[in-house]
Amino acid sequence: MASVVETVQKEVEPLIEAHHFELVDIEFVKEGKSWYLRVYIDKPGGITIEDCAMASDQISEKLDSLEPDPFPQAYFLEVSSPGAERPIKTSNDWEKAVGKYIHISLYAPIDGQKVFEGTLEDYSGSTISLSYMDKTRKINQQFELKQIGFARFAIKF
């Protein structure tokens, strides 16, 4: 399904950027018997329902006009905000996350721990520096990006 996602990205990114929105992510997934094309968009200050509806109309029109049809089957189009706990995937995402509270899950545990939440202090392109609390002690630890299986923004309680 990567080719569908790549095609959609190439076609819709200019539409999204023309409105000064950010294309955060695209998914083409099967859930039950139905296929879903999910397009996540954002903008400074947050995306609104009206923004999503307008983008959905334009994306739908653009994708319906493509020849040959890049979709192997019928699908539902969903355009939405990535949410407050959006994934961190790209270099741009990591740069925006510096100074923010994040959640990371590692592929393999370090000292028995695979999940960390804390403030992203630094991003160098291949490593991050995360400060987090271990009981009453503040720890600043480096992680290689290749160690991180999943990262997202987090809400601190």
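Q: What's the bridge partner of R38 in β3?
A: E78 is the bridge partner of R38 there. Heads up, this is a predicted model, where local features need pLDDT of at least 70, side-chain atom pairs count only at pLDDT 80 or more, and totals for chains, interfaces and linings use all residues. Residues are numbered from 1 along each chain as its sequence is written, and side-chain values use heavy atoms, with hydrogens and water left out.

Q: How many bridges join β2 to β3, and do they run parallel or antiparallel?
A: There are 5 bridges, and β2 (residues 34–42) runs parallel to β3. Two strands count as paired if DSSP finds at least two bridges between them. Strands are DSSP runs of E, at least two residues, and helices are runs of H or I, at least four, all numbered from the N terminus.

Q: What's the strand order in that sheet?
A: β1-β2-β3, an open sheet of 3 strands with mixed pairing. β1 (22–31) and β3 (76–80) are the edge strands, each pairing on one side only. On average, neighbouring strands are turned by 15° against each other, direction ignored.

Q: Which helix packs on the sheet?
A: α2 (residues 49–64), which touches β2 and β3 and makes about 145° with the direction of β3. Contact here means heavy atoms within 4.5 Å. The axes are lines fitted to C-alpha atoms, for helices over the stretch in contact, with angles from 0 to 180 degrees between N-to-C directions.

Q: Which residues of α2 are buried?
A: D51, C52, A55, S56, I59 and L63. Looking down the axis, the buried residues of α2 fall within an arc of 125°, so they line one face of the helix. That arc is the one made by the directions from the helix axis to the C-beta atoms. E50, D57, E61 and D64, on the other side of α2, are exposed. Buried is under 20% relative accessible area, exposed is over 50%, and partly exposed is in between (1.4 Å probe, protein chains only).

Q: Which residues have the most contacts inside the largest nonpolar core?
A: V8, L37, I41, I59 and L63, in a core of 20 residues. α1 (2–18), β1, β2 and α2 each supply at least two residues of it. Another core, of 17 residues, lies apart from it, with L106, I139, I148 and F153 among them. A nonpolar core is a set of buried Ala, Val, Leu, Ile, Met, Phe, Trp, Tyr and Cys residues joined through side-chain atoms within 4.5 Å.

Q: Switching topic: which strand pairs with β4 over 6 bridges?
A: β5 (residues 113–123), antiparallel to β4 (residues 101–110). I104 stands opposite F116 in β5. β4 also pairs with β8 (residues 148–153) in the antiparallel sense, over 5 bridges, and L106 has I148 as its bridge partner in β8.

Q: And how many residues sit between β4 and β5?
A: 2 residues, making a hairpin, and D111 in the turn has a positive phi of about 50°. D111 is exposed, with a relative accessible area of 81%.

Q: What about H20, buried or exposed?
A: At 67% relative accessibility, H20 is exposed. H20 lies in the loop between α1 and β1 and has a positive phi of about 65°, although it is not a glycine.

Q: Last one: which residues does the cis peptide bond join?
A: E67 and P68, with omega about -5°. P68 is in the loop between α2 and β3.
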